Amino acid sequence: MRRVVRQSKFRHVFGQAVKNDQCYDDIRVSRVTWDSSFCAVNPRFVAIIVEASGGGAFLVLPLHKTGRIDKSYPTVCGHTGPVLDIDWCPHNDQVIASGSEDCTVMVWQIPENGLTLSLTEPVVILEGHSKRVGIVAWHPTARNVLLSAGCDNAIIIWNVGTGEALINLDDMHADMIYNVSWNRDGSLICTASKDKKVRVIDPRKQEIVAEKEKAHEGARPMRAIFLADGNVFTTGFSRMSERQLALWNPKNMQEPIALHEMDTSNGVLLPFYDPDTSIIYLCGKGDSSIRYFEITDESPYVHYLNTFSSKEPQRGMGHMPKRGLDVNKCEIARFFKLHERKCEPIIMTVPRKSDLFQDDLYPDTAGPEAALEAEEWFEGKNADPVLISLKHGYIPGKNRDLKVVKKNILDSKPSANKKCDLISIPKKTADTASVQNEAKLDEILKEIKSIKDTICNQDERISKLEQQMAKIAA
């Protein structure tokens, strides 16, 4: 009997690495033994965790700054320990969060045209973890809500706008948390842990909604991510160390909807999901390939599409949001693959003859506008992402600066073991106004100081030039 090939518009998706001059060369990618992607990208910048002496640092490069990166190129280097994870804010392309071995989370504002000097002062430092912070993840729809998870087995959800920890889930995981993923509207999170459990948690009610013991039998790290339809996709290892992928319904986690074994290899599979096309890309750490699968409602639910292979193994991987892609070339995904010494973009394309905009490949996608403010989310509201059309391409708008309204966040550290109240007590408006005035005053004083320094330097330079002129004249 002839096997019928399943129809799919993504069956012929092919990957292509860009030419050498479009790569980012001479980058010393971090050697930290931590299973994060080490890279984060958005339509403006690519950020890469790098080796740094005396602390932790990451590079932030404007996308167009390809070619060889100078050794003296400025970095973001405020952490005192190696940086383990970074994540761009989905609602502001100039704001990035980083988690580090120094037990802190820092949020940074990157200048519009990239760095000209190394950045050592974060907008806000979030302190509350007692061990290294290996995971940071922004809320998909609420502005200024950031989640962090540390090796103290705690998950803290912060209001970055005030620098406060508002939710502390410190008694739900008995062992190390491998990853955390928000669902589409940010009402739930799912986690994969070293105790082999996959948990679905309602963070505001601080309760576990669903749980699966031994989602994968193997001892090596798992990953769990939410799909757009509310199902959970996991990658892990079987007892025989074969890599597996599985699909689960959180309403009934007794048996997986689908379970596939892939190959025998010890690289952790990092899943990257595109909710618009329902395609999952699996990038194994240390592999030299990216496999991709389409998730559908019909059996076997997870359909293998193809594999992109290259010669070099990957140290990490960044995944571009949909609004950063070239819709005129039918580009449906772009990855930034980290080698030992460089970052290489890989473009995934659906072959089409027409030059016209392909509506079926580009449904409306999540835009940069937040659907909720942080306070609304903490009060219990949910909202789906605000969608935008990519018909005429995406033009980045002007981002507003991230402002933190609080005198000194470090004075009121959340105690690691105390449950924080769900909703913080509102501060008096007069207090806020005085804090803002102080911040403004600081800003003006800093500017005056920098202008004075510049004038001093120029004075010195003028006098030196006058001396040279006098010599020449003599």
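Visitor: What makes up residues 170-211 in terms of helix and strand?
Guide: That span is 50% strand and 0% helix, and its end C-alpha atoms lie 17 Å apart. Helices and strands are DSSP runs numbered from the N terminus, with helices being H or I over at least four residues and strands being E over at least two. The model is predicted, so local features need pLDDT of at least 70 and side-chain atom pairs count only at pLDDT 80 or more, while totals for chains, interfaces and linings use all residues. Residues are numbered from 1 along each chain as its sequence is written, and side-chain values use heavy atoms, leaving out hydrogens and water.

Visitor: Which residues are called "repeat: WD"?
Guide: That label comes from an unreviewed UniProt entry and covers residues 76-118, 126-168 and 170-211. UniProt positions follow the numbering used here, feature names are shortened, and annotations may be inferred rather than shown by experiment. Residues 126-168 are 56% strand and 0% helix, with end C-alpha atoms 13 Å apart.

Visitor: What is the order of strands in the open sheet of four strands?
Guide: The order is E20-E21-E22-E23, with antiparallel pairing. Two strands pair if DSSP finds at least two bridges between them. E22 (residues 242-248) and E23 are joined by five bridges, so they meet that rule. Leu 245 stands opposite His 260 in E23.

Visitor: How many disulfides does a search of the whole structure find?
Guide: It finds zero. A disulfide is a pair of cysteine sulfur atoms within 2.5 Å. The closest cysteine sulfur to that of Cys 23 is in Cys 343, at 7.6 Å, so it is too far for a bond. For Cys 283 the closest is in Cys 39, at 11 Å, which is also too far for a bond.

Visitor: Why is Cys 283 called buried?
Guide: Buried means under 20% relative accessible area, exposed over 50%, and partly exposed in between (1.4 Å probe, protein chains only). Cys 283 has 1%, so it counts as buried. Cys 23, at 0%, is buried too. Across the protein, buried residues make up 52% of the 474 residues.
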